[in-house]
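The tour below moves from one selection to the next.

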Amino acid sequence: MEPPPHILVVDDDREIRDLLSKFLERQSCRVTAARDAREARRLWPLGRYHLVVLDLMLPGESGLDFARWLRAQSDVPIVMLTAMSEETDRIVGLELGADDYVAKPFNPRELLARIRAVLRRANGESGSSQEPPPKAIRFANWTLEPARRRLLNPDGVEVPLTGGEYELLMVLVERPNRVLTRDMLMDLLRGRQAGPFDRAIDVAVSRLRRKLEDDGRNPSLIKTVRGGGYVLAATVDKSERTDDAAQEPAGEPARDAIG
């Protein structure tokens with residue numbers, strides 16, 4: 001029997017910390033809570049955390065600064081808590097490697113759904129029965145190993161990917177030379193529609209281009225289709241092919257309870 005996921009909640013609002021801790025513990029999670037980045041830094045080496053729920057508006061050291069520090073220590077998944085008006089900070093957080101975000105006020109069940117989805121992606125689970133993944137996927141001299149969630153550059157050197165970057169790359173290599181709109185990518189990755197000002201996909205693509213050494217100003221691998229979306233312009237070879245049919249995204253819970 002696998003141990004329950006250990007979640008680090010970092011939020012300066014005591015009521016939110018207590019409510020989230022109690023709610024997540026009722027959902028079979030182990031929770032450690034910190035009131036600010038300083039306390040979170042102290043707690044970090046004391047436990048093995050599977051995911052961090054991080055408020056961006058922290059006193060003293062900001063949540064963005066802590067996320068930057070955390071990314072230098074680990075690839076642990078991060079789910080950000082942001083105010084509805086914090087679009088710029090949300091974009092910066094995604095650029096730093098956060099895996100998802102939930103805007104305040106939020107429904108705790110929505111946050112739980114996000115946490116579970118991020119943990120599934122981090123563990124290489126799809127949430128539905130599928131054939132075993134191919135041993136290797138090769139494109140433009142790069143190699144992706146799904147079983148090990150590894151990306152190797154043309155020289156065979158591993159390039160670290162966050163959970164979100166890996167999932168985005170998998171979506172693209174499973175649908176090469178096919179234009180994928182932002183809404184399609186949001187559905188495939190997160191099971192939700194992108195809002196009119198949501199640049200999460202653009203940020204994720206930009207981050208992935210940097211990992212793939214693809215010139216953002218004149219990309220040759222992940223190309224931008226004006227008014228359309230993105231396309232992986234490469235021939236993809238799989239050592240053991242699997243069905244690449246898109247999975248139906250889950251519906252989005254309402255967000256109206258905490259914050």
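**Stop 1: a salt bridge at Arg-35**

Select Arg-35: it counts as partly exposed, because its relative accessibility is 48%. Bear in mind that this is a predicted model. The side chains of Arg-35 and Glu-39 meet in a salt bridge, 3.3 Å from N to O. Glu-39 has a relative accessible area of 15%, so this residue is buried.

**Stop 2: Asp-55 and Lys-104**

Next, select Asp-55 and Lys-104. They form a salt bridge, with the closest N and O atoms 3.3 Å apart. Asp-55 sits in strand β3 (residues 51-55) and Lys-104 in strand β5, so the pair ties together parts that are 49 residues apart in sequence. Are these two partners buried or exposed? Asp-55 is buried, because its relative accessibility is 3%. Lys-104 also counts as buried, at 16% relative accessibility. Asp-11, Asp-55 and Lys-104 are linked in a network of salt bridges.

**Stop 3: Asp-99 and two glycines**

Go to the loop between α4 (87-96) and β5 (100-104), and select Asp-99 there. Asp-99 is buried, because its relative accessibility is 4%. Which backbone nitrogens does the Asp-99 side chain contact? Show Gly-164: its backbone nitrogen is reached by the side chain of Asp-99 at 3.1 Å. Then show Gly-163. Its backbone nitrogen lies 3.5 Å from a polar atom of the Asp-99 side chain.

**Stop 4: Glu-158 and Arg-150**

Select Glu-158 with Arg-150. Their side chains meet in a salt bridge, 3.7 Å from N to O. Glu-158 counts as partly exposed, at 41% relative accessibility. Arg-150, at 19%, counts as buried, because the cut-off for buried is under 20%.

**Stop 5: the positive patch**

Switch to a surface view. Select Lys-22, Arg-26, Arg-109, Arg-116 and Arg-120: together they form a positive surface patch. Which elements give two or more residues to the positive patch? They are α1 (14-26) and α5 (108-122). The largest share, three residues, comes from α5. Finish on Arg-109, which lies in helix α5. Arg-109 has 53% relative accessibility, so this residue counts as exposed.

Key
Residues are numbered from 1 along each chain as its sequence is written. This is a predicted model: local features need pLDDT of at least 70, side-chain atom pairs count only at pLDDT 80 or more; totals for chains, interfaces and linings use all residues. Side-chain values use heavy atoms; hydrogens and water are left out. Patches are made of residues with over 30% relative accessible area and no salt bridge: like charges are joined within 9 Å, nonpolar side chains (Val, Leu, Ile, Met, Phe, Trp, Tyr) within 5 Å. Accessible areas come from the Shrake-Rupley method with a 1.4 Å probe; for residues, only the protein chains shown count as cover. A salt bridge is a side-chain nitrogen of Lys or Arg within 4 Å of a carboxyl oxygen of Asp or Glu. Lys and Arg count as positive and Asp and Glu as negative; His and the chain ends are not counted. The place of a charge is taken as NZ of Lys, CZ of Arg, CG of Asp or CD of Glu. Helices (H or I, at least four residues) and strands (E, at least two) are DSSP runs, numbered from the N terminus. Buried means under 20% relative accessible area, exposed over 50%, partly exposed in between (1.4 Å probe, protein chains only). A polar contact is a pair of N or O atoms within 3.5 Å; within protein, one must be able to donate a hydrogen and the other to accept it, and residues adjacent in sequence count only if both atoms are side-chain atoms.
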